[in-house]
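Please examine the sequence and the model together.

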Amino acid sequence: MDDMDRKILAELQQDGRLTVTELAARVRLSVSPCHRRLRELERSGAIGGYRAVVEPAAVGLNFEALVFVSMRQEDRDTVAEFEHAVSEVGEVLEAQRLFGEPDYLLRVVAADLAAYQRLYDERLATLPGVQRLTSTLVMKHVVRDRPLPA
């Protein structure tokens, strides 16, 4: 990865809908080499995909919580079962396995407190191997969806 690849990635993180022609102009490269570099970035996995960024409140998801998960046991089967089950919960936007305590951090959205309480009781608390859940409510986002540094 060289400086030109980093420029391409920086531009696409700001606007993933750029045409190859617009992208080439922004990074000061002709279209054909820009297109080749773009395809190579996609092929190598540096670009994992393209998506729309949806504002949660616009689709009725006004409640967000960070949920810390402590596991009762951490054998390979339990961890795999937990990770598979948590990946099936649509309201979990992010799930990260951590070193130390707690074992996992989940970023969860819901319509409101009542919806979150139902999700907590019916889905999160019943995930395999869970010993304890601790929720912290998100007051506001200070930095959100920041592009990676170039």
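Q: Which residue has its backbone nitrogen within 3.2 Å of a side-chain oxygen of Asp2 at the start of α1?
A: In this predicted model, helix α1 covers residues 3–14. At the start of α1, Asp2 extends a side-chain oxygen to within 3.2 Å of a backbone nitrogen, and that nitrogen belongs to Met4.

Q: How far apart are the end C-alpha atoms of helix α1?
A: Helix α1 has 12 residues, and at 1.5 Å a residue these should span 16 Å.

Q: Within what arc do the buried residues of α1 fall, seen down the helix axis?
A: The buried residues of α1 are Met4, Asp5, Ile8, Leu9 and Leu12. Viewed down the axis, they line one face of the helix, because they fall within an arc of 140 degrees.

Q: Which exposed residues does α1 carry on the face turned away from its buried side?
A: The covering of the buried residues of α1 includes α2 (20–27) and α3 (31–44). The face of α1 turned away from that buried side carries the exposed residues Asp3 and Gln14.

Q: Is Arg28 buried or exposed?
A: Arg28 lies in the loop between α2 and α3. Its phi is positive, about 60 degrees, although Arg28 is not a glycine. Exposed means over 50% relative accessible area. Arg28 has a relative accessible area of 77%, so this residue is exposed.

Q: Which residue does a cis peptide bond join to Glu101?
A: The residue in question lies in the loop between β2 (92–97) and β3 (104–110). The cis bond has an omega of about 0 degrees, and it joins Glu101 to Pro102.

Notes: Residues are numbered from 1 along each chain as its sequence is written. This is a predicted model: local features need pLDDT of at least 70, side-chain atom pairs count only at pLDDT 80 or more; totals for chains, interfaces and linings use all residues. Side-chain values use heavy atoms; hydrogens and water are left out. Helices (H or I, at least four residues) and strands (E, at least two) are DSSP runs, numbered from the N terminus. The expected span of a helix is 1.5 Å times one less than its number of residues. Buried means under 20% relative accessible area, exposed over 50%, partly exposed in between (1.4 Å probe, protein chains only). The arc is that of the directions from the helix axis to the C-beta atoms. Contact means heavy atoms within 4.5 Å. A polar contact is a pair of N or O atoms within 3.5 Å; within protein, one must be able to donate a hydrogen and the other to accept it, and residues adjacent in sequence count only if both atoms are side-chain atoms.
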